[in-house]
Amino acid sequence: MEIAVVAGTPFDAGVGASLLRNAGHAAVPYPMAGSPDEQDALQYERPGALRSAFLGLVRELDARGHRVAMLFCNSLSAVVDVDTAARSSSLTLVSPATVHREVAAAHRRALVVTGNGSAVAGYERVTGPAGHRALGLSDPALVRAIEAGDAAAAFHRSSLPGALRLAEDAGLGAVVLACTHFTALLPQVLAACRLPVVDVGSRLVELTVKAAGTLEPDGRAV
């Protein structure tokens, strides 16, 4: 069974597909844009077109025979209508919103690090009613630096190390890496931070593997 990996750019689509393959599953990447700049422009300037394209892609994946799709992009999930897309197909669609709700249930306050403002708003939209308080940090420049090729150097040049120290000083309960690009920074974040770290990308892969395990190879429920 091939799992479809829908993401904002070829980079995060590729990361998601690679993580699934490492977990023993065939995976095919489906980026919605060619670069972070193009994805941001779609989210901010043409959200309606992005929602339509996403809905069309989900229906196409269904027609191609995919039974599980992983939405491997926090900001994209904040703009598109995941529920409508799921209802329009027979796909099991795994979304960052599930991880965001898990965080809100487990932690009263968290530093939430995202790749753009859409992701911050989407996180707050999902977790707000739960009484969870989030301190949001959006760092689009870090996304672009990661795509340039040296994630470790990008981390040390960014504002993230200082933000992690502030989160500790403020007594927050966790740090949430709410951008799938930031999965590439997980070793550096774990080494620099004494708080619990929730990597949305890694958790998405776990949930997707679990969802795929409930289906037969032909897509029927086990």
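## Cavities, cores and salt bridges

Two cavities of 30 Å³ or more are counted, a cavity being a set of points on a 1 Å grid over the protein atoms alone where a 1.4 Å probe fits but cannot get out. The model is predicted: local features need pLDDT of at least 70 and side-chain atom pairs pLDDT 80 or more, while totals for chains, interfaces and linings use all residues. Residues are numbered from 1 along each chain as its sequence is written, and side-chain values use heavy atoms, with hydrogens and water left out.

The largest cavity holds about 130 Å³ of space, where a volume is the space filled by probe spheres set on the points, joined across faces, edges and corners. Its lining has 14 residues, and Asp40, Ser75, Asn116, Val143 and His181 are the closest to its centre; lining residues have an atom within 4 Å of a point. Helix H2 (36–45) and helix H8 (140–147) each give at least two residues to this lining, and H2 gives the most, with three. Helices (H or I, at least four residues) and strands (E, at least two) are DSSP runs numbered from the N terminus.

The second largest cavity has a volume of about 30 Å³. Val112, Thr114, Val120, Tyr123, Glu124, Ala134 and Gly136 line the second largest cavity. Strand S5 (109–114), H7 and strand S6 (133–138) each give two or more of these residues, with H7 giving the most, three.

**Largest pocket.** A pocket is an open set of points with protein on both sides within 12 Å along at least five of seven lines. The largest pocket has a volume of about 330 Å³. Of its 19 lining residues, Ser77, Val82, Ser95, Ala97 and Arg101 lie nearest the centre. Two or more lining residues come from each of helix H4 (74–79), helix H5 (82–87), helix H6 (96–106) and helix H7 (117–127). H7 gives the most to the pocket lining, with five residues.

The table gives the lining classes; Ala, Val, Leu, Ile, Met, Phe, Trp, Tyr, Cys and Pro count as nonpolar, Asp, Glu, Lys and Arg as charged, and the others, Gly among them, as polar.

| Space | Lining residues by class |
|---|---|
| Largest pocket | nine nonpolar, six polar, four charged residues |
| Largest cavity | four nonpolar, seven polar, three charged residues |
| Second largest cavity | four nonpolar, two polar, one charged residues |

**Nonpolar cores.** A nonpolar core is a set of buried Ala, Val, Leu, Ile, Met, Phe, Trp, Tyr and Cys residues joined through side-chain atoms within 4.5 Å. Buried means under 20% relative accessible area, exposed over 50%, and partly exposed in between (1.4 Å probe, protein chains only). In the largest core, of 47 residues, Val6, Phe54, Leu61, Leu76 and Val176 touch the most other members. Helix H12 (residues 200–213) gives the most to this core, with six residues. Another core lies apart from it and has 22 residues, among them Ile146, Ala154, Val175 and Phe182.

**Salt bridges.** Seven salt bridges are counted, each a side-chain nitrogen of Lys or Arg within 4 Å of a carboxyl oxygen of Asp or Glu. Asp37 and Arg144 form one of them (2.8 Å, N to O). Asp37 in H2 and Arg144 in H8 are 107 residues apart, so this pair links distant parts of the chain. Asp37 is exposed at 52% relative accessible area, whereas Arg144 is partly exposed at 28%.

Arg203 and Glu206 form another salt bridge (2.9 Å, N to O). Both lie in helix H12, three residues apart, about one turn of the helix. Arg203 is partly exposed at 27%, as is Glu206 at 46%.
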